[in-house]
Amino acid sequence: MYWVLVKAGVFRKKIRSLLTTLSVIVAFFLYGLLHSADPLFTGAAGEINAERMIMMPKHDMMFGRLPQSHINYLESIDSVTKVAWIDMLSMDINSMTENIPIFAISNDYFEVMDRFKASDEAKNAFFSNRTGALLGKAAADIKGWKVGDLVSIPTYSVKNDGSNVWEFYIEGIYTTSPAADELGIMVRHEYVEEARVANKGTVSMILFNLDDPAKADQISNSIDDNFKNSAYATFTGNEITLSQKMLADIGDIKLIITSIISAVFFTLLLVTANTMSQSVRERTSDLAILKSLGYRDMQIFISILLESNFIILIGAIVGLGFTLITVPLIDQASGGLTGGVIVFDSYQVTKGILIGVLMASLAGILPAYQAYKLKVVDALAKGLL
Amino acid sequence: MSEILVDVKNLTKEYKRGDETLVVLDNLNLQIPKQDYLALMGPSGSGKSTLLNLIGGLDTPSNGSVSINGERIDQMNSKQLSNWRATNVGFIFQFYNLLPVLSAQKNIELPLLLTNLSNKQRKKHVETALNIVGLSDRASHKPNELSGGQQQRVAIARALVSDPDILVCDEPTGDLDRDTATEILNLLNSLNEDHGKTILMVTHDPTAADSAKRSLHLDKGKLTT
């Protein structure tokens, strides 16, 4: 019964219903795309988790420096079980797509940052060669470099011999998740520290493990308090906290995106509610006839709500469906780099559909109530029957 | 005397307009036997349509009673009236008011969707109604593919399909040309004569009133003849 009523309502003005559905499709497609980047805003992309601790320069996380004495300080804390560090060689940020970033890592790096994987053979070869390098899989795919190659990479870091071009032998390939973290080359910190002219005695960030992850907040606070008046003030936290802090330094992107989506949905709600209201007003005679035939007020009320749900849910399903198709295409186009960073899963789809149901109910409730209250005699009095 | 189908006693309908009370029907009494075909005439505002609505269960009286087939419909609530209308009364209005998206067949089926009839049974009822109104070959046509007379026939089939006791018609020929109006009046006659339907028709058209078995005149809320 209800399908006949819904059909009679939705297809009465096909173009209007189509345009309304199209606007819903666009809104949910936008919602899907923006929400698929959620892991970026929560800092929980790929295998990034809350158990790996990181110390970074407080005031310039991207390019600031920490003295190596901070490493000694961390090693002196009882609860700290393992410490590693990493340094990024200065590069022209505009040429990073051509010249992949170089990360100088300490010997314990793979034990602390266990989401980075390399075969034992590759690691052994790497740690046996002062100018050895482990190349990220994504970087290897892009550059076409392979194990055994000698690669030259220009940087802003000048070597003792006056050159700024660094040469490394690729001893193996490393992988990780998110795949975007594979866009780099790892080299030996010992060698870089010895060979460079500037920034000696400093590192970009220090990584460490704790004997009990529950102590993370307490120890982070205590470390940051200790250095708060130092020239090398620190910001310490787990990987997720640090990711969020780095994003926050750019701006509250999640808030901006949530605001955009909310504005889109709110506008859509007004448009749909207006369309439904107009549709009900135009169908006064149809609804009055249905009531004269014996359709109850509540049945008419439900049919209008279902009609609103039909239009919005069809739009939501198609819009979210487009997102499900598009996200893998984006990942494919990026060479797999967005895997784990741009994710659109069943949770997001369910959430989208629930938003659709809520919007449809809100958009439909007033017109449905109008239809519920309609009296056949009023329609007769207006000369509609 | 034939059995009484509609028994209206001391019926009053008033409307409030600010401080003013407008009496549309004033202590009216009317009995309509089964299989009667009664035309209600009168000037605009005389209360014809209001009486029709009260007998059809679309409105409730201010005072008095309306019994149809022994059932006091004036005492029913909105839900009960809806259920009662679904099986006991068929409405035919001036402007047909078919749902434009649905075919003739689907429009006629609308009242049956409220019943427990199976799809097959519903189809059978619709076919019968279409046969009665002579539109079997137009079942799949949408309203905009039908002439005014054909649309009114579909509306009559829709009113008939649940086999109600009484058909209430509000100016059923008011929007039709003379020839088509005659066809519709002939059809209503046939429904009364051949199918035993009780018909109550409001009309301004004396020709239409002549086609009924009897006519009554309303003026200022009272029956005058």
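User: Two strands pair if DSSP finds at least two bridges between them. In which sense, parallel or antiparallel, do β4(A) and strand β8 (residues 185-188) of chain A pair?

Analyst: This is a predicted model, in which local features need pLDDT of at least 70 and side-chain atom pairs count only at pLDDT 80 or more, whereas totals for chains, interfaces and linings use all residues. Residues are numbered from 1 along each chain as its sequence is written, chains are lettered from A and ligands numbered from 1 in the order in which they are written, and side-chain values use heavy atoms, with hydrogens and water left out. Helices (H or I, at least four residues) and strands (E, at least two) are DSSP runs, numbered from the N terminus. Four bridges link β4(A) to β8(A), where Met186(A) is the bridge partner of Phe103(A), and the sense of this pairing is parallel.

User: Which residue of β4(A) is the bridge partner of Met88(A)?

Analyst: Strand β3 (residues 80-88) of chain A pairs with β4 (residues 102-105) of chain A over three bridges, in the antiparallel sense. Within β4(A), the bridge partner of Met88(A) is Phe103(A).

User: In the open sheet of chain B, which are the edge strands?

Analyst: The sheet has four strands in the order β2-β1-β4-β5 (chain B), with antiparallel pairing. At one point, β4 (residues 63-68) of chain B is joined to β5(B) by two bridges, and Ile68(B) has Glu71(B) as its bridge partner. Each edge strand pairs on one side only, and these strands are β2 (20-33) and β5 (71-72) of chain B.

User: What angle does the direction of helix α1 (residues 48-55) of chain B make with that of β2(B)?

Analyst: Axes are lines fitted to C-alpha atoms, for helices over the stretch in contact (heavy atoms within 4.5 Å), and angles run from 0 to 180 degrees between N-to-C directions. Helix α1(B) packs on the sheet, touching β1 (4-17), β2 and β4 of chain B, and its direction makes with that of β2(B) an angle of about 60 degrees.

User: Within what arc do the buried residues of α4(B) fall?

Analyst: The buried residues of α4 (residues 119-132) of chain B are Arg122(B), Val126(B), Ala129(B) and Leu130(B). The arc is that of the directions from the helix axis to the C-beta atoms. The buried residues line one face of α4(B), because they fall within an arc of 100 degrees.

User: Is Glu171(B) buried or exposed?

Analyst: Glu171(B) has a positive phi of about 50 degrees although it is not a glycine, and its place is the loop between β7 (166-170) and α6 (178-195) of chain B. With a relative accessible area of 12%, Glu171(B) is buried.

Technical notes. Buried means under 20% relative accessible area, exposed over 50%, partly exposed in between (1.4 Å probe, protein chains only).
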